[in-house]
Amino acid sequence: MRELSVKTPRGRADSARECSVAEAMADAFAAEGVDTVFALMGDGNMHFLPHLRRRGAQIYNVRHENMALAMADGYYRVTGRVGVCSVTCGPGLTQISTCLMIARRRHSAVVIMAGDSARVGGYGGLQEMDQRAFVEASGGIFQPVRLPETLDQDVRSAFHSARVLPAPVVLNVPIDIQLAHMPSGWSYAPSDTLISACGPLSAPVDDVDRVVELIELSERPVILAGRGAMDPSTVAALEELADTTGALLATTLPAKGVFAGNPFDLGVAGGYASTLGFRLLENADLIVAVGASLSYYTTHGDRLFANARIVHVNRDANALVADRRRADAMLIGDAAATLGVLSERLGSRRARAVRYRTPEIVEQLAHDPRVAELELFDTEIEADTVDPRRLAMEIDEALPDACVIVSCGAHSGSFPGRFLTGKRSRQFIHSSEFGAIGQAMSTAIGVALAHGDRLVVAFEGDGAAMMNIQELDTAARYGARILFVILNDEAFGTELHRLRADPDAYELAQIASPDFVAVARAFGIDGSSVRRRGEARTGVLRCLNGTGPYLLDARISRRVVNVAMFG
Ligand SMILES: Cc1ncc(C[n+]2csc(CCOP(=O)(O)OP(=O)(O)O)c2C)c(N)n1
Ligand SMILES: [Mg+2]
């Protein structure tokens, strides 16, 4: 006798009916609010996914497991909701190792439902392996479903860990457990019922007073906003704090644009800083980093802030551990609440508000830094290619302010990073954590499928594009609203520029690329190539007039060198 499962108003799932563990697990996922899953099917998850689909979830069939995880990660990054993907056992799981490590480094909340071989027997052990060892070596948290009786605890624990750490969690479910019967009368309470609501956390007043003292001593303070300080009220509080302390403003790459239009904004800190921004950051004597972990990228491999005192405002007391940074003071608390106390303690001691805002610096900041950057390499470029800096600027002008930019790493990734302008309504997602290439297009698909209303623009090098080109098919099938821009120098540009002095090596780094427009068309995606000025703009407008994905194959010059990498 089968009864329908019941979802209570709090999302709790209960069932008195007979069902398999796979089916009950689908109830549990639905109770967690999972309505989107990026998946590639096999023995290990084919008993589960149809049940979840019957409960209303959208299952996106993806072409490679690693990219299913990249999409779930992209989904998390724009929604803040746990991203979910699903892979089969053995070879399905081993495909995801790179994106698992990336999700760990990004602190992304993702749950990966992975099948595992039956504990006894099953295809003579064909796909058996030590999945725990593999997951843990790849940076994932391993959460097994141990027994039907522990399903509720195990699933809840997976979602809870993903959310609070945040981190990628592999929910590992042996096939024989999936097919077993659930004990009658089971119930599921979702992970958010474990987290009791608590008010905003503010740092202790003594710690705040120490920071007031450091601000008082400073001549050239900079307030740096990171991913944890992007909500508009925190941004407003930071701008006010900067006004009253004479500080300049800067952001990490993910927070690029949150201070757009503020005359004291020096832009992004790190390798993608403008020349002026870099100099101002090098000369700063105090950095107040709010919701920013001062990573390798932000400090440009520790080359920035060497002479500055460092104050951290971060909710996470562990924010510094991973990135080896010292802190002269640390305020552990929510940005908005802590800034409120800081502003109160600063009180009337606000007279010296000029500090880093000398007339000379304010005048320099008024100029578009990209103009000076263009002069750095005023070089003749090859016929039928475009300057990647001007390409980014041309695309920038044609794009609406409110869009999401997903950029690659490698040599060409710096051009969108430096030459697209930040806007308050524009979000930047960088995809090269763990130094891995081949992520941007797939991350962008997860972003677009989560966020149908805003155009997503994905920048990917030609070499990286060939690592996830099959996902153009996924973008086409689901009509993802993405402008793919291939930064095509027909080379592993990073290596090419490094090896320039060695003719053999230089040749080895050159790889002729396919006609990406023809490839896109074969997948059902419209596109055009860019070999001259103006063609990018036409392509963007065609994309904006359409409804689905569009691809630009931009043949970029090899003569324009990324100063962040080789300057
Ligand atoms: C997964 C992975 N494989 C290889 C590398 C080494 N690598 C770094 S940059 C690069 C070149 C990538 O070429 P492309 O995407 O065309 O970007 P470009 O450097 O030309 O801008 C390679 C192969 C890497 N970082 N990650
Ligand atoms: Mg290339």
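A: Helix 3 makes a right-handed crossing with helix 17, where right-handed means the near helix is turned clockwise from the far one by less than a right angle, and left-handed means anticlockwise. Helices here are DSSP runs of H or I with at least four residues, numbered from the N terminus. Bear in mind that this is a predicted model, where local features need pLDDT of at least 70, side-chain atom pairs count only at pLDDT 80 or more, and totals for chains, interfaces and linings use all residues. Residues are numbered from 1 along each chain as its sequence is written, chains are lettered from A and ligands numbered from 1 in the order in which they are written, and side-chain values use heavy atoms, leaving out hydrogens and water.

Q: Ok, and at what angle do the axes of helix 3 and helix 17 cross?

A: Roughly 50°, with the axes of helix 3 (residues 65-79) and helix 17 (residues 440-450) coming within 7 Å. Axes are lines fitted to C-alpha atoms over the stretch in contact, with angles from 0 to 180 degrees between N-to-C directions. The two helices are therefore oblique to each other; under 35 degrees counts as roughly parallel, over 145 as roughly antiparallel, 65 to 115 as roughly perpendicular and the rest as oblique.

Q: What about helix 3 and helix 5, parallel or oblique?

A: Roughly parallel. Their axes cross at roughly 20° and come within 8 Å, and helix 3 passes helix 5 in a left-handed crossing.

Q: Switching to the ligand: which side chain has a polar atom 2.7 Å from an oxygen of ligand 1?

A: That's Thr494. Backbone polar atoms sit by ligand 1 oxygens too, at 2.8 Å for Ala464 and 3.0 Å for Ala491. A polar contact is a pair of N or O atoms within 3.5 Å.

Q: And which elements give two or more residues to the shell around ligand 1?

A: Helix 18 (462-465) and helix 20 (493-498).

How values were computed. Polar contact = N/O pair within 3.5 Å; in protein donor to acceptor, adjacent residues only side chain to side chain.
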